[in-house]
Amino acid sequence: MKIKIKTDTASIAIFDPGRMSHRKDDSDDWWSDPWVELSEVNSGNMALIGVPEDGAYEIFIDSQCNGNSECVECLVACESGELWVGPGESLPAEGLCLS
């Protein structure tokens, strides 16, 4: 599957909205703290991938990387059955959440 994403934070977020709803009342930059981000990643709640710069990207979602050097593999828990792939600024915060 191929999707287009535009980011203003040079990042791509992957998460189950239900597993990230606890962050909806945090500040909009909560994930810029490396320890907080790492805690969410290590818990399987999200993946946050830095890209070279702000702008538009085409993302190819596949089940296997097959050794492709431009590929990112991640493990994200998806209890709700809904997995969000979008710009980092779409992470829940400031009272907003996708679920």
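Here is a short walk through this structure, from the whole chain down to a few details. Keep in mind as you look around that the model is predicted.

Let's start with the overall build. The protein has two helices and five strands, and from the N terminus on these elements run β-β-α-α-β-β-β. Its radius of gyration is 13 Å, close to the 13 Å that the globule rule gives for 99 residues, so the protein is as compact as a globular protein of that length. Along its principal axes, the C-alpha trace spans about 40 × 30 × 25 Å.

How do the parts of the chain meet? Of the contacts with a separation of 6 or more, 84% come from residues 24 or more positions apart.

Strands of a sheet pair through backbone hydrogen bonds, either parallel or antiparallel. Here, three strands form an open sheet in the order β3-β2-β5, with antiparallel pairing. At the edges you will find β3 (46–50) and β5 (84–87), each of which pairs on one side only. From one strand to the next, the twist averages 15 degrees. Strand β2 (residues 11–15) is joined to β3 by five bridges; look for S11, whose bridge partner in β3 is G50.

Finally, visit helix α2 (residues 34–42). Its N-terminal end is capped by D33, which has a side-chain oxygen 2.9 Å from the backbone nitrogen of W35. Just after α2 comes G44, with a positive phi of about 80 degrees.

Technical notes: Residues are numbered from 1 along each chain as its sequence is written. This is a predicted model: local features need pLDDT of at least 70, side-chain atom pairs count only at pLDDT 80 or more; totals for chains, interfaces and linings use all residues. Side-chain values use heavy atoms; hydrogens and water are left out. Two strands pair if DSSP finds at least two bridges between them. Helices (H or I, at least four residues) and strands (E, at least two) are DSSP runs, numbered from the N terminus. Axes are lines fitted to C-alpha atoms, for helices over the stretch in contact, and angles run from 0 to 180 degrees between N-to-C directions. A polar contact is a pair of N or O atoms within 3.5 Å; within protein, one must be able to donate a hydrogen and the other to accept it, and residues adjacent in sequence count only if both atoms are side-chain atoms. The radius of gyration is taken over C-alpha atoms; the globule rule is 2.2 Å times the number of residues to the power 0.38. Contact means heavy atoms within 4.5 Å.
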